[in-house]
Amino acid sequence: MKTFSFILVLLITVVLGNVVSIPMGPAPPVAPLLDPNHGFWQNMYSEDQLAEENIQLEGLSAPVKVAYDENLIPHIFAENEEDLYRVQGYVTAQHRLWQMEFQTMAAAGRISEIVGPVALELDRMTRRKGLAYGAELGYEFVKETNPEMLELLEAYADGVNQYIESLNDARLPVEYKILNYRPENWSSFKSLLLLKYMSDMLVGDRDLEFSNLRKILGEQKLDVLFPEFPEENDPVIEAERIWDFEPVSVVPPLENSYPNDELVIDPLPQPEEGVGSNNWAVSGSKTKSGNPILANDPHLSLNLPSLWYSMQLSTPEHRVKGATLPGALGVISGFNEHIAWGVTNATKDARDWYKITFEDDSRKSYRYGEEWREANHRIEEIKVKGQDSFFDTVVYTHYGPVVYDHSFRSDRQDVNFALKWTAHMGSNEQLTFIKLNKAQNHADYNEALNHYTAPAQNFVFASVSGDIAMRIQGKFPVKWKGQGKFFMDGADPQMEWQAFIPNEHNPSTLNPDRGFVSSANQHPVDPSYPYYVFDNSYEHYRNRRLNNRLREMNSITIDQMKELQFDDYYLHAAEALPVMLDLLGNQELDDKASTYLAELESWDYYADPNQKAPTLFYIWWSKTFNQVWGEWRSWAVPVVLPNNYQTVKLMANTPSSEFFNYEGTEKVETARDHVRAGFMEMVEAMREWEEQEGDYTWANYKRTSIQHLVPQFRPFSVENVYTGGGRGILNATSERHGASWRMVVELGNPIQAFGIYPGGQSGNPGSKFYANFISKWANGDYLNFNLRSEDQEENLLFQTTFTN
Amino acid sequence: MKFLVYLFLATALVLILNPFIPFWGVMIGLGVLALLLKPGGAAAFFGGGFGMGIAWMGLAFYLTAETGSSLPDKMAQLFGLGNGTLLLLATGFLGFLLGSFSSWSGQLLRNVFKRKPENIYMG
């Protein structure tokens with residue numbers, strides 16, 4: 001009896017112990033999570049409470065001091081670069097380990113390993129786009145061309161790995177505890193992969209949609225709706241710039257023979273509209289102090305932990321401060337004692353698609369001119385949590401990977417399209433940033449940029465010596481007019497990219513007469529630039545607002561530049577609303593509708609958070625836009641719609657244009673019909689909103705949210721941030737996108753710098769440094785970002801010394 | 001009295017050992033403690049249970065008070081538990097469950113080895 005009761009109770013105990021240590025469906029093992037000694041309760045500590053005065057780090061050649069300011073921004077003081085990056089790796093991992101690993105897992109197409117089969121489609125797509133393939137080529141390239149760079153990458157990786165080894169269960173980031181996995185080792189390959197991930201985030205193409213439109217509308221109509229340059233072109237490089245070089249020429253094909261398929265393929269996801277950036281620099285002639293001022297605010301998806309991590313990196317030779325990308329070496333957007341620089345996306349149709357004709361179903365060879373070329377097969381093993389691995393065969397041609405085929409995003413056996421992308425060409429972007437970190441003048445900046453391939457960026461520059469500059473840098477193929485706008489025939493060698501634009505022909509300017517340089521993702525150049533330039537995603541509003549303001553401003557102060565980054569002027573509304581009100585005309589309206597109309601009529605076109613009119617305009621415009629292009633949606637093939645700018649132009653200039661008429665109806669529709677229908681729909685939508693939500697001021701309608709990288713972890717997100725701005729506005733803060741980093745630097749003596757990002761230095765949702773910058777960011781406030789010296793004592797949170 | 005002593009020792013054992021070993025190590029520790037001290041069935045069960053429960057809930061409460069972090073509320077929302085206080089209670093309850101059965105198992109094992117008193121009246 002005693003034995004029996006012992007065995008029974010022991011059994012219960014063992015079962016109990018077992019049940020609480022295994023995952024329950026998607027939920028993690030409950031005991032390790034709740035155990036207050038090792039589980040999530042330990043993640044409540046903020047970094048200052050865990051501060052250590054000394055940390056041992058193997059491989060250092062001299063002690064390295066790290067001073068954390070009151071915002072937990074680390075300032076690293078090392079004797080040489082290898083020590084510097086080793087400690088950068090360690091410190092970044094201390095605060096952002098889970099994020100840096102998760103992002104590289106995403107870039108490698110390995111999310112299914114962590115979350116299971118829900119991510120399989122996503123991983124397949126990532127693999128088929130060849131991000132890891134690109135990073136492998138990048139790794140080989142660095143190894144061959146710049147072994148010293150590889151040593152620094154290895155030092156960084158070693159710093160991360162020494163931190164991972166020192167981790168106990170208590171200190172493990174809480175996301176690992178919830179998702180129930182552990183960090184693996186970091187490597188230099190992963191740092192390169194991260195930069196590929198940025199390429200993927202920033203680069204899109206509409207070749208598929210344009211191919212369909214070309215077939216449906218014909219090329220003539222296409223040119224009307226999608227002109228290659230807008231009427232009011234205000235390009236990155238001032239239009240007055242004279243191009244004084246002989247361009248590299250390419251041979252256009254004898255006749256344009258694009259494949260004429262109507263393609264019902266599910267297109268690859270595109271970078272979100274609203275992903276973009278602003279940067280500018282004004283010369284001393286336009287500032288109050290006589291010093292150049294530089295500003296940069298990259299707009300990306302707003303996430304927690306934040307994409308950016310602030311740092312100062314110092315050796316006896318240089319001190320650089322700004323925003324780093326966790327996982328990459330050096331500062332990405334920042335300044336040092338001599339210069340400041342910043343980046344905005346400069347996409348220029350960097351991805352092209354080629355139709356591949358395989359010899360047979362084995363897909364071992366494909367037609368190229370008169371011959372059959374051999375294809376490579378790369379087997380991708382995608383590990384899936386809780387299931388067997390998924391094996392995907394991706395065929396590689398000399399163009400690149402065959403992304404679309406019968407097993408992916410297409411039902412048709414004969415559909416095979418290969419992706420050609422500059423991200424698949426060996427390159428060393430990391431070197432550009434390391435060199436920029438140490439650059440002292442315009443020549444150093446130019447030299448650093450020569451190593452940069454993708455994703456193409458507008459690099460703004462200003463120096464203490466008084467120079468301002470802008471250069472659009474990336475590896476750009478020389479294209480004949482129209483090349484790569486549509487899907488091309490891969491069997492026709494005439495369709496190949498034939499040459500690349502030499503770096504010195506990339507658009508650039510130094511100290512232009514107008515006294516400023518600027519970019520906001522608009523067209524890079526004026527039509528006089530001798531190379532073919534095309535992309536569908538160029539901005540039409542922020543650039544004009546920015547340049548108009550910079551042209552009229554004089555005796556500029558650093559505060560005015562901060563205000564300009566936070567400028568809520570809604571240029572699209574200012575241009576569209578008068579046209580819409582005019583087309584609406586005098587209508588019989590009920591009380592509600594009259595109120596809305598009166599609010600719109602008295603609006604000053606600022607999308608401030610407390611305004612009501614931006615909400616009304618935003619809804620009225622989207623309803624009208626949908627009305628105008630409504631018939632296109634019924635075609636049931638992917639197409640791209642004309643942009644807001646062209647649509648407004650069409651409504652204003654030719655309200656009776658054939659494009660406004662629905663072919664399927666007897667009536668002849670004009671712009672007026674769509675504007676009126678849009679207005680009625682807006683009134684209806686607003687009535688519903690007011691009934692359900694009440695307040696329709698802009699911030700309350702827009703509901704900017706800063707989402708945790710795992711969207712399901714909603715309590716780790718910050719929602720309904722009270723802030724203005726929106727798409728196409730300088731303060732580009734929309735629902736999910738916006739200024740992911742704001743920096744303003746005055747290059748005087750000493751340099752004055754300010755920065756802010758919507759997040760916090762800590763990646764730990766339990767830390768008080770996790771989201772502490774958000775309210776400041778939402779108000780348009782900044783943190784002091786001045787360079788610190790090693791012996792500076794004020795505003796210190798704590799200091800750590802790393803020794804071997 | 002024996003219960004209070006055992007409760008005290010069990011709590012101390014969890015507080016001292018747990019920072020260095022995972023929860024299952026503590027469960028074994030509590031079993032061994034009961035085996036050695038033979039507090040009796042009820043004392044073992046409730047002493048071990050409240051010992052681990054108090055140690056866990058107490059530490060979780062202490063950490064919350066010390067750090068002022070909002071993480072418990074966030075975690076509670078994530079797992080659909082309402083608020084951090086409930087999560088604190090859940091932690092204590094889980095500690096109780098694990099501690100009580102571990103400790104009771106130790107006591108019962110001791111009982112198995114305890115020499116059976118022979119029929120003392122009949123000689």
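## A pair of facing residues

Let's start inside a sheet: A:His75 stands opposite A:Gln312, a residue of β7(A). This is a predicted model. Three bridges link strand β3 (residues 74-77) of chain A with strand β7 (residues 309-314) of chain A, and the two run parallel.

## The sheet around them

Which order do the strands of this open sheet follow? Eleven strands line up as β1-β31-β2-β3-β7-β8-β9-β10-β18-β19-β23 (chain A), and their pairing is mixed. The edges belong to β1 (54-56) and β23 (508-510) of chain A; each has a single partner strand, so one side of each lacks a neighbour in the sheet. On average, neighbouring strands of this sheet are turned by 15° against each other, direction ignored.

A helix joins the picture too. Helix α12 (residues 429-438) of chain A packs on the sheet, where it touches β7, β8 (319-324), β9 (333-336), β10 (339-345) and β18 (457-463) of chain A. The direction of helix α12 makes about 150° with that of β10(A).

## A histidine in helix α21

Now for another histidine: A:His674 sits in helix α21 (residues 671-692) of chain A. Is A:His674 buried or exposed? Its relative accessibility is 2%, and because buried means under 20%, A:His674 counts as buried.

What surrounds A:His674? Leaving aside residues up to four places away in sequence, A:His674 touches A:Thr624, A:Gln627, A:Val628, A:Phe660, A:Tyr662 and A:Glu669. With A:Phe660 there is a polar approach as well: a polar atom of the A:His674 side chain lies 2.7 Å from the backbone oxygen of A:Phe660.

Notes
Residues are numbered from 1 along each chain as its sequence is written. Chains are lettered from A and ligands numbered from 1 in the order in which they are written. This is a predicted model: local features need pLDDT of at least 70, side-chain atom pairs count only at pLDDT 80 or more; totals for chains, interfaces and linings use all residues. Side-chain values use heavy atoms; hydrogens and water are left out. Helices (H or I, at least four residues) and strands (E, at least two) are DSSP runs, numbered from the N terminus. Buried means under 20% relative accessible area, exposed over 50%, partly exposed in between (1.4 Å probe, protein chains only). A polar contact is a pair of N or O atoms within 3.5 Å; within protein, one must be able to donate a hydrogen and the other to accept it, and residues adjacent in sequence count only if both atoms are side-chain atoms. Contact means heavy atoms within 4.5 Å. Two strands pair if DSSP finds at least two bridges between them. Axes are lines fitted to C-alpha atoms, for helices over the stretch in contact, and angles run from 0 to 180 degrees between N-to-C directions.
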